[in-house]
Amino acid sequence: MVLAPRPEDLDFILHDMLRVEELAEYPRFEEHGRETFEAVLETARRIAEDKFQPHNRAADLAEPKLVDGKVEIIPEIGQAIEAFNQAGFSAAHHDEALGGMQLPWTVVQAAFVHFQAANLSTAAYPFLSIAAANLIRAQGTDAQKARYLGPLLKGRYFGTMVLSEPHAGSSLSDVRTTAKPDGNQGYRLTGSKMWISGGEHEMAENILHLVLARIEGAPAGVKGLSLFLVPRIREDGALNDVRLVGLNHKMGYRGTVNTALAFGDGGDCHGELIGEANEGLAYMFGMMNEARIGVGLGAIMLAYQGYLTSLDYARERPQGRHPGEKDPDAPQVMLIEHADIRRMLLKQKAVAEGGLALGLWLARLVDRHGQDPSERERIEAGLLLDIVTPIIKAFFSDQALAANDAAIQIMGGAGYTRDHPVEQYWRDNRLNPIHEGANGIQAIDLLGRKATMRDGAAFGLLVREIEAETVTARQAPMLEDLSDQLSSALNRVRHVTSVLTSAQLGPMKMLANASEYMEMMGHLVLAWIWLRQASAAVEGLRGEDGGHVGDREDFLKGKLHTCRYVFARELPKISPLADTLEHFDMTTFDMDTEWF
Ligand SMILES: Cc1cc2nc3c(=O)[nH]c(=O)nc-3n(C[C@H](O)[C@H](O)[C@H](O)COP(=O)(O)OP(=O)(O)OC[C@H]3O[C@@H](n4cnc5c(N)ncnc54)[C@H](O)[C@@H]3O)c2cc1C
């Protein structure tokens with residue numbers, strides 16, 4: 001089965017659109033260039049195809065189970081992760097001195113999307129471990145780094161993120177797990193945690209749980225949360241007091257074991273504080289912002305995989321005739337000939353390729369944020385990351401699910417069976433709007449915090465970025481109309497944002513339509529990223545030295561036409577959303593609880 005992303009698309013996004021080779025101008029990446037980047041991506045594709053993709057269905061059919069108190073997981077998952085680690089992907093962006101490859105984050109993400117497309121639930125294990133290593137590198141003491149970073153980067157230890165509790169999912173201010181100083185610079189933890197991915201298994205020498213808990217006497221709410229490292233196996237070799245209470249049985253994403261864990265049932269759960277007390281949520285969010293981009297990209301890769309699968313099917317299945325064809329003996333046409341099928345293919349292509357372009361643009365911002373010599377550039381990159389991250393997490397995970405729905409629809413009855421993978425893509429993808437901050441919470445974050453943060457500085461930078469693209473696009477006569485359309489959509493969004501954020505509605509009323517605001521912003525960003533691709537495609541169609549376009553002509557024309565589709569069918573959705581927002585629709589707010 002074909003694996004997403006298509007190599008020519010990835011090449012186009014990385015080189016024509018993002019000019020990643022320029023990253024080698026940062027001293028940290030000076031050893032690298034296009035050649036090393038391509039070698040890394042080729043290796044990722046090969047391992048994803050050979051080791052991750054083949055057991056995607058098997059892991060779905062044989063979910064992890066408890067046997068004699070141990071979690072049993074099909075062996076192919078551990079073997080795939082071993083191949084991932086052997087190739088150095090778990091340490092890819094870390095210092096060479098630590099055994100890493102010192103690669104730009106953009107290239108690391110571009111490599112990682114292959115694993116997500118091939119098998120999202122197997123990719124979740126290294127995803128969590130990479131996030132844990134980033135956190136320990138950023139916040140750990142020298143001793144903690146010396147003890148834990150090496151084994152994490154080699155893939156001998158795995159990491160987890162332990163925030164949720166049975167009664168506290170979205171509302172982390174209600175976390176009850178407590179930590180008591182043990183008088184020897186360590187802590188003893190007590191509490192119940194829920195939904196913990198990768199929480200217990202036998203695939204690693206150790207599992208490092210990064211746990212949010214409240215030190216006794218700490219303030220209530222999120223300001224009293226601290227972060228602790230709780231190893232499954234303690235330094236003295238004893239099993240820590242972390243008990244597996246049970247496994248959760250999910251509709252999708254089944255290869256990733258999901259656990260309920262009890263910390264300190266026996267009063268002897270050892271933990272180490274990471275960083276400063278009461279700063280736990282800030283550290284965790286530092287880790288989760290990158291994770292949220294990764295969640296968005298994971299959703300997008302499932303959309304991409306569904307697009308390629310349904311495209312192949314639509315090209316090969318004969319069904320019906322064109323509306324004007326009255327002769328019943330005329331041969332049937334392929335599904336792809338039908339306008340309604342093309343509509344659903346275009347929708348998927350728009351989300352999949354547009355989403356990938358956005359995700360890698362964000363990854364490039366992570367590199368700018370970390371490496372640019374100018375402080376101003378670094379700050380601006382950070383603000384853009386702040387405002388666009390909830391959009392890729394929420395808007396794109398919703399759209400990606402709708403894209404998977406379209407893939408099923410294109411394949412008709414066949415799409416609804418387990419003989420084809422599209423139903424699994426949809427089930428796997430259904431998690432993405434829920435975890436890493438449910439999409440409703442992301443919408444509240446976007447409107448309630450990100451749109452107004454630093455006097456609207458992040459929003460202003462996004463506006464500047466979009467305006468700059470309209471100027472670039474206007475230089476190509478064939479994009480002038482699209483440039484104008486994006487400018488007027490941008491003006492509408494600016495107006496709505498200022499109306500919403502300056503009105504004295506109070507937070508409850510202001511946020512009553514946060515999801516509509518997210519959708520409006522999402523459509524704006526989708527159109528913008530497509531105009532960026534269209535400008536790069538126009539450039540590509542001019543050919544090198546104004547001459548040869550090579551075998552990319554169809555591909556580049558496909559980019560231009562998909563951009564036209566987005567502007568004709570998706571961008572106009574902004575208008576009714578803006579109407580709802582400008583008129584402060586309160587129908588949801590005013591509905592009495594008793595009237596349901
Ligand atoms: C398969 C899976 C894997 C997971 N992995 C992990 C993990 O590794 N580590 C971890 O810590 N957690 C993990 N989670 C937990 C996940 O992050 C939570 O499920 C999520 O935060 C939502 O919490 P909840 O399920 O308690 O739902 P709730 O918080 O009860 O939310 C239910 C609904 O109400 C909405 N809602 C809640 N509060 C508000 C509000 N104030 N305003 C408006 N709407 C609101 C939400 O948007 C959501 O739609 C995982 C969950 C699943 C299902």
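Predicted model: local features only at pLDDT ≥ 70, side-chain atom pairs only at ≥ 80, totals over all residues.

Biologist: To start, which residues of helix α19 (residues 574-582) are buried?

Modeller: In helix α19, which covers residues 574-582, the buried residues are Ile574, Leu577, Ala578 and Leu581. They lie on the same side of α19, because they cover an arc of only 100 degrees around the axis. The general rule behind such a pattern is that an α-helix has 3.6 residues a turn, so residues three or four places apart point the same way.

Ser575 and Pro576 are exposed, and they sit on the face of α19 turned away from its buried side. As for the buried residues of α19, what covers them includes two other helices, α15 (480-502) and α17 (514-542). Just after α19 comes Phe584, which takes a positive phi of about 45 degrees.

Helix α10 (residues 375-410) packs against helix α14 (residues 453-474) at an angle of about 90 degrees, and their axes are 9 Å apart. That angle makes α10 roughly perpendicular to α14. On the α10 side, the contact includes Leu383, Leu384 and Ile387, while α14 brings residues including Ala457, Phe459 and Leu461. Sorted by class, the contact of α10 with α14 holds 10 nonpolar residues, four charged ones and no polar ones.

How values were computed: Residues numbered from 1 in each chain as written. Buried ≥ 20, exposed ≤ 12 C-beta atoms within 10 Å, placed from the backbone. Helix = DSSP H or I, 4+ residues; strand = E, 2+ residues; numbered from the N terminus. Arc of directions from axis to C-beta. Contact = placed C-beta atoms within 7 Å. Axes fitted to C-alpha atoms, helices over the stretch in contact; angles between N-to-C directions. Parallel < 35°, antiparallel > 145°, perpendicular 65-115°, else oblique. Nonpolar A, V, L, I, M, F, W, Y, C, P; charged D, E, K, R; others polar.
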